[in-house]
Amino acid sequence: MKLSLIIPVYNVEKYLDECINSIVSQVIPDMEVILVDDGSKDNSRKICDDYVEKYNYIKVIHKENGGVSTARNVGISVAQGEYIFFLDSDDILAPNILNKIQEDIKSNFDLYSYQIQKIDENGNMIVDSCIKRTMREGMYQKINFVREYEKQYNGYLPWSTQNVYKKKILIENNLLYPVGIIIAEDMDFFMNLIKYVSTVGFYYDNIICCRVNRVGSAMTTMSPIGVENIMEITSKHFYEKECMVHELFANAYTANIWKIALIDDEETRQKLSQKLDMKIINSSTTIRYFILKMIFVLLGKEKTVEWIRKRQQKKTADERR
């Protein structure tokens, strides 16, 4: 079998039919779809079962709730395809992309990276003008790929749902998603994976239509735990000897300070402020971060975070007037 598509499912009855139908409408031979129901409490479980009865290439695994990382890990463990990729259950597979992937994987690269079309909760396209398109399409060695990608996308790395992975690399190196992490698990997985990758295929074709700012999603309900997750993961990879882009993780870590400042609980805010690693912050780039570093020198960690908080509150108040 060539392709396995893994879809974690949790309480998404509103979107699940649209998600699965976007696959059914273009499914290719030699492919399987694995639905991992992560203990849904709504009608998602039944929807999964209904599709399994209708299509022999769709499988479902029902499990206790453990989060998206555990669901993806279960999917990896049962996947039969030579290549696997992921689709979130509130997103939509881009039209005609399966035929494109089928042709691309004939080149037998270790990893394939595509684009994402952002949509709002109602499925309307969101224009993203941030893509500079300085990268050429085609094959890259991993070091060049990471450096060029980070440069083109302003410090971002590919999301899990942007990539098609050679399963052999995941299995042989026991590469799994970190359990207990609610934000930035994609980043951790990607940086662990890239150590074992040699060749990467890069393309501007959209692989999914990604629903952003959905009420209830982890990305729109950032918690203190999520903020701490980002600090832990970015600092972990910053200090790795084989890290190829230290500035990327320094900038991601420093950007997180604004999220710390927005935490309402003062005790939690102070605790996270005290944990800030100034070596990482001082390694961050851009003029904005240079000014911030000077303020840290003048005020110290906690007072700098409180200064940012007051500025954010004033900005919000001004916008409401």
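1. Which residues line the second largest pocket? In this predicted model, the lining consists of Trp258, Arg288, Ile291, Leu292, Ile295, Trp307, Ile308, Arg311, Gln312 and Lys315. By class, 6 of these are nonpolar, 1 is polar and 3 are charged. The pocket has a volume of about 190 Å³.

2. Helix H12 (287–299) and helix H13 are the elements that give two or more residues to the lining of the second largest pocket. H13 gives the most, with 5 residues.

3. H10 itself runs over residues 266–274, and its buried residues are Arg269, Leu272 and Ser273. They line one face of the helix, because their directions fall within an arc of 105 degrees when seen down the axis of H10. An α-helix has 3.6 residues a turn, so residues three or four places apart point the same way.

4. The largest nonpolar core holds 60 residues. Phe145, Tyr165, Phe249, Ile257 and Leu276 are the members that touch the most others in this core. H9 supplies the largest share of the core, 8 residues.

5. Leaving out residues up to four places away in sequence, Phe249 touches Leu157, Met187, Met191, Thr234, His237, Phe238, Cys243 and Ile280.

Key:
Residues are numbered from 1 along each chain as its sequence is written. This is a predicted model: local features need pLDDT of at least 70, side-chain atom pairs count only at pLDDT 80 or more; totals for chains, interfaces and linings use all residues. Side-chain values use heavy atoms; hydrogens and water are left out. Buried means under 20% relative accessible area, exposed over 50%, partly exposed in between (1.4 Å probe, protein chains only). Helices (H or I, at least four residues) and strands (E, at least two) are DSSP runs, numbered from the N terminus. The arc is that of the directions from the helix axis to the C-beta atoms. On a 1 Å grid over the protein atoms alone, a cavity is a set of points where a 1.4 Å probe fits but cannot get out, and a pocket is an open set with protein on both sides within 12 Å along at least five of seven lines; lining residues have an atom within 4 Å of a point. Grid points are joined across faces, edges and corners, and a volume is the space filled by probe spheres set on the points. Ala, Val, Leu, Ile, Met, Phe, Trp, Tyr, Cys and Pro count as nonpolar, Asp, Glu, Lys and Arg as charged, and the others, Gly among them, as polar. A nonpolar core is a set of buried Ala, Val, Leu, Ile, Met, Phe, Trp, Tyr and Cys residues joined through side-chain atoms within 4.5 Å. Contact means heavy atoms within 4.5 Å.
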